Amino acid sequence: MTTARQHHTRTTRGRRLLAATAIATTVAAVTAGCAKDTKAAPAPSSPTASPSPSTDPQAAEKTELLDVYRAFWDAQLKVYASGSTKNTGIEKVATDKAYAKIQATRSYYVDHGSIMKGEPVLSPTISVLDMSKTPPAGTITDCVDTTGYVQVNKDSGEPVATLDSKRRHITTYTTLKIGGAWQIRDLEIDRDRTC
């Protein structure tokens, strides 16, 4: 005959045994599952630092075009400050109508005894770039701020009164890439539109 105490001890031992068996089975299953997953998926390799590729496939062309645009302005500033195209580099970056317009403006300043002093503030954007054309073509749009770029008398340095009191205009530049080099081919100042 089994006493209550013996029954309690056997039941407690049985429960402990079942619990231990359940835990061992769970641990074995989890360990087996982990081992299986470890073999199936190799450990990730450490990431290597690599520069992210540009999302714009035309980024290099745009940079080159904007560099030529800045060189165009640097040369133009020299032309209008000296009254001459000599040793300014303007012929390398401006051709066709753009070059003709710069020459006409230069002649106007020389005829009126004026030069330009200071420099404008530029904020160009490339609004069109078509590399599929022959030759490749682009359009630059800029809000040219000439507040700090003024016409002065060459001898006295005094500012010359001008009719245009508005000093910020949208200007559009058409460009072509000829012989592997971008050139400013034409420019249009929208005198009715300020920015």
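Predicted model: local features only at pLDDT ≥ 70, side-chain atom pairs only at ≥ 80, totals over all residues.
Trainee: Let's start with the layout. Which elements does the protein have, and in what order do they run?

Mentor: There are 4 helices and 6 strands. Starting at the N terminus, the order is α-α-α-α-β-β-β-β-β-β.

Trainee: Now the charged pairs. What makes glutamate 64 and lysine 177 a salt bridge?

Mentor: The cut-off is a side-chain nitrogen of Lys or Arg within 4 Å of a carboxyl oxygen of Asp or Glu. Here the closest N and O atoms are 3.6 Å apart, so the pair counts as a salt bridge. As a general point, side chains of opposite charge can pair when their charged atoms come close.

Trainee: How do you know whether glutamate 64 and lysine 177 are buried or partly exposed?

Mentor: Compare each value with the limits: under 20% is buried, over 50% is exposed, and partly exposed lies in between. Glutamate 64 has 31% relative accessibility, so it counts as partly exposed. Lysine 177 has 15%, so lysine 177 counts as buried.

Trainee: What makes aspartate 186 and lysine 101 a salt bridge?

Mentor: Their closest N and O atoms are 2.8 Å apart, and the cut-off is within 4 Å, so this pair qualifies. Aspartate 186 lies in strand 6 (residues 181-194) and lysine 101 in helix 4 (residues 96-111), so the pair ties together parts 85 residues apart in sequence. Aspartate 186, at 16% relative accessibility, counts as buried, whereas lysine 101, at 28%, counts as partly exposed.

Trainee: Where do aspartate 67 and arginine 70 lie?

Mentor: Both are in helix 2, 3 residues apart, about one turn of the helix. Aspartate 67 is partly exposed at 45%, and arginine 70 is partly exposed at 41%.

Trainee: How many salt bridges turn up in the whole structure?

Mentor: The search finds 8.

Trainee: Last topic, the largest pocket. How much space lies in it, and how many residues line it?

Mentor: About 810 Å³ of space lies in the largest pocket, and 30 residues line it. Thr105, Tyr109, Met116, Ile189 and Arg191 lie nearest its centre. Helix 4 gives the most to the lining, with 5 residues.

Trainee: How does the lining of the largest pocket divide into nonpolar, polar and charged residues?

Mentor: It has 15 nonpolar, 9 polar and 6 charged residues.

Terms used: Residues numbered from 1 in each chain as written. Heavy atoms only, no water. Helix = DSSP H or I, 4+ residues; strand = E, 2+ residues; numbered from the N terminus. Buried < 20%, exposed > 50% of the residue type's maximum accessible area, 1.4 Å probe, protein only. 1 Å grid on protein atoms, 1.4 Å probe; cavity = no way out; pocket = protein on both sides within 12 Å on 5 of 7 lines; lining within 4 Å. Points joined across faces, edges and corners; volume = space filled by probe spheres on them. Nonpolar A, V, L, I, M, F, W, Y, C, P; charged D, E, K, R; others polar.
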